[in-house]
Amino acid sequence: MPKLDPFAGPGFAAMSALSKAVDDDAELPLGLVELIKLRCSQINGCGYCVRMHVEKALHAGETQDRVDNVADWETNVAFTDRERRIFALAESVTLVADTHVDEAVLDAAIADLGPALTQQVVWVVAVINAFNRLAITARIE
């Protein structure tokens, strides 16, 4: 049983609305957006969100192979160079305390995706990281 209820109060409704707005704005395929959320949730150790985004990625048309190997995005042939730049950015933003968002990673993402799409990726990552922190703190399983 959760010790806190992250679903109570206006914060969750606002976060949900933000999440919907970010997802609706994303020009990336929905399956890739779910893989980004999955990878961030893996890094953060949020089992609840990992399970949710595995299901959502598969429902969005991602293959089991890509879902199973998203943690190995750097070398797995299932991912394109563009997706690797996206995952590198997602990991750097997720690990901001350690990486301070590596300049080379950010520059590579902007060069490939352009500023607008790069910003969309940053927003997807920011939102899932916030949800991970809520779920982990509330001990949602």
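Modeller: Setting aside residues up to four places away in sequence, Ser41 touches Cys46, Cys49, Val50, His53, Ile128 and Asn132, where contact means heavy atoms within 4.5 Å. The model is predicted, so local features need a pLDDT of at least 70 and side-chain atom pairs count only at pLDDT 80 or more, while totals for chains, interfaces and linings use all residues. Residues are numbered from 1 along each chain as its sequence is written, and side-chain values use heavy atoms, with hydrogens and water left out.

Ser41 sits in helix H2; helices (H or I, at least four residues) and strands (E, at least two) are DSSP runs numbered from the N terminus. Its relative accessible area is 0%, so Ser41 is buried. Buried means under 20% relative accessible area, exposed over 50%, and partly exposed in between, with a 1.4 Å probe and protein chains only. The side chain of Ser41 also makes a polar contact with the side chain of Asn132, at 3.0 Å. Such a contact is a pair of N or O atoms within 3.5 Å; within protein, one must be able to donate a hydrogen and the other to accept it, and residues adjacent in sequence count only if both atoms are side-chain atoms.

The axes of H3 and H7 come within 8 Å and cross at roughly 130°. Axes are lines fitted to C-alpha atoms, for helices over the stretch in contact, with angles from 0 to 180 degrees between N-to-C directions. H3 and H7 are therefore oblique to each other; under 35 degrees counts as roughly parallel, over 145 as roughly antiparallel, 65 to 115 as roughly perpendicular and the rest as oblique. Tyr48, Cys49 and His53 of H3 meet Ile128, Phe131, Asn132 and Ala135 of H7.

Next come the rings. The structure holds four aromatic pairs: rings of Phe, Tyr and Trp (its six-membered ring) pair if their centres lie within 6.5 Å, and planes under 30 degrees apart count as stacked, over 60 as edge-to-face and the rest as tilted. Phe12 and Phe131 have ring centres 6.0 Å apart and planes at 70°, so this pair is edge-to-face. Because Phe12 lies in helix H1 and Phe131 in helix H7, the pair ties together parts 119 residues apart in sequence. Phe131 is buried at 17% relative accessibility, whereas Phe12, at 24%, is partly exposed. Ring pairs link Phe7, Phe12 and Phe131 into a cluster.

A nonpolar core is a set of buried Ala, Val, Leu, Ile, Met, Phe, Trp, Tyr and Cys residues joined through side-chain atoms within 4.5 Å. The largest one has 31 residues, and those with the most contacts inside it include Leu28, Val121 and Val125. Helices H1, H2, H5 and H7 each supply at least two of its residues, and the largest share, ten residues, comes from H7. Apart from this core lies another, of five residues, among them Cys46, Cys49, Ala135 and Ala138.

Elsewhere in H7 is Thr118, which is buried at 3% relative accessibility. Its side chain reaches the backbone oxygen of Ala109 at 3.2 Å, and a polar atom of that side chain lies 2.7 Å from the backbone oxygen of Gly114.
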